[in-house]
Amino acid sequence: MTGSARRSRENGPQAARAARGRRLGAYGGAVSVRQQHVELDSGELIVGPPKSRAGARTVAIPAAIIPALRDHLAEFTGPEPEALIFTGARGARMRRSTFYRASKWVEIRKKIGYPELHFHDLRHTGNTIAASSGASLRDLMERMGHDSVRAALIYQHRTTEADRKIADAMNGKISEVRPDDDNGSSRVLARVG
């Protein structure tokens, strides 16, 4: 059995990728992902590059999380550029059991009313929000670290809101090339380019 076939589907500690926040300005910042660690079902930890070329990336982060990230970096992260952002109590790489215990994951899931929530579901939620922003498929693939269109399409959920945005964008383009005459009844088809 290959290492990737033995990987657990829910790698909470995978969030402890060796990444460092940078450019943490008031308007947002970025996190660079250069390596990851994965805990196999056997308990073995594998540290290395992301599983695909696209996995090594720099991702913009929202300004709203900068204060919490700064606090976390100051309290829990060493000054070295390769320091882990999330570690166990003794500064070592987190394991699945350490993560669940330290984060009180089971209790938190119950408290928020989602007792079946998996840690990886948070990635799915974030990627779905990113997809609903109107970003191109290429932009989403780069943000998510996907090499394949198929993987990125998982997050492309059709919504009425998205359909309305498409119609509004089309309306804006039409209005640019065909402003209404005085009474709003020009009714002439125009080439949109």
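Tryptophan 105 is buried, and phenylalanine 119 is buried as well; buried means under 20% relative accessible area, exposed means over 50%, and partly exposed lies in between (1.4 Å probe, protein chains only). The model is predicted, so local features need pLDDT of at least 70 and side-chain atom pairs count only at pLDDT 80 or more, while totals for chains, interfaces and linings use all residues. Residues are numbered from 1 along each chain as its sequence is written, and side-chain values use heavy atoms, with hydrogens and water left out.

**Aromatic pairs**

- The structure holds 4 aromatic pairs; rings of Phe, Tyr and Trp (its six-membered ring) pair if their centres lie within 6.5 Å, and planes under 30 degrees apart count as stacked, over 60 as edge-to-face and the rest as tilted.
- One of them is the tilted pair of phenylalanine 99 and tryptophan 105, with 6.0 Å centre to centre and 45° between the planes.
- Phenylalanine 99 and tryptophan 105 are both buried.
- Tryptophan 105 also forms an edge-to-face pair with phenylalanine 119, at 5.6 Å centre to centre and 65° between the planes.
- Tryptophan 105 belongs to helix H4 (residues 105–111) and phenylalanine 119 to helix H5 (residues 119–132), so this pair ties together parts that are 14 residues apart in sequence.
- Ring pairs join Phe99, Tyr100, Trp105 and Phe119 into a cluster.

**Overall architecture**

- The protein has 8 helices and 4 strands; helices (H or I, at least four residues) and strands (E, at least two) are DSSP runs, numbered from the N terminus.
- Along the sequence, the pattern is α-β-β-β-β-α-α-α-α-α-α-α.
- Of the 193 residues in the protein, 30% are buried.
- Among contacts (heavy atoms within 4.5 Å) between residues at least 6 apart in sequence, 54% join residues at least 24 apart.

**Surface**

- The protein exposes about 13400 Å², of which carbon and sulfur atoms supply 55%; accessible areas come from the Shrake-Rupley method with a 1.4 Å probe, and for residues only the protein chains shown count as cover.
- Ile108, Ile112 and Tyr114 form a nonpolar surface patch with about 310 Å² of accessible area together.
- Patches are made of residues with over 30% relative accessible area and no salt bridge: like charges are joined within 9 Å, and nonpolar side chains (Val, Leu, Ile, Met, Phe, Trp, Tyr) within 5 Å.
- Isoleucine 112 is placed in the loop between H4 and H5, and it counts as partly exposed because its relative accessibility is 48%.

**Salt bridge**

- A search of the whole structure finds 1 salt bridge, defined as a side-chain nitrogen of Lys or Arg within 4 Å of a carboxyl oxygen of Asp or Glu.
- Arginine 164 forms a salt bridge with aspartate 168, and the closest N and O atoms are 3.2 Å apart.
- Both arginine 164 and aspartate 168 lie in helix H8 (residues 160–177), 4 residues apart, about one turn of the helix.
- Aspartate 168 counts as partly exposed, because its relative accessibility is 44%.

**Loop residues**

- Threonine 77 lies in the loop between helix H2 (66–76) and helix H3 (96–103), and its 11% relative accessibility is why threonine 77 counts as buried.
- A polar atom of the threonine 77 side chain lies 3.4 Å from the backbone oxygen of isoleucine 85.
- Lysine 104 lies in the loop between H3 and H4 and is exposed, with a relative accessible area of 53%.
- Although lysine 104 is not a glycine, it has a positive phi of about 55°.
- Most residues other than glycine have a negative phi.

Methods: A polar contact is a pair of N or O atoms within 3.5 Å; within protein, one must be able to donate a hydrogen and the other to accept it, and residues adjacent in sequence count only if both atoms are side-chain atoms.
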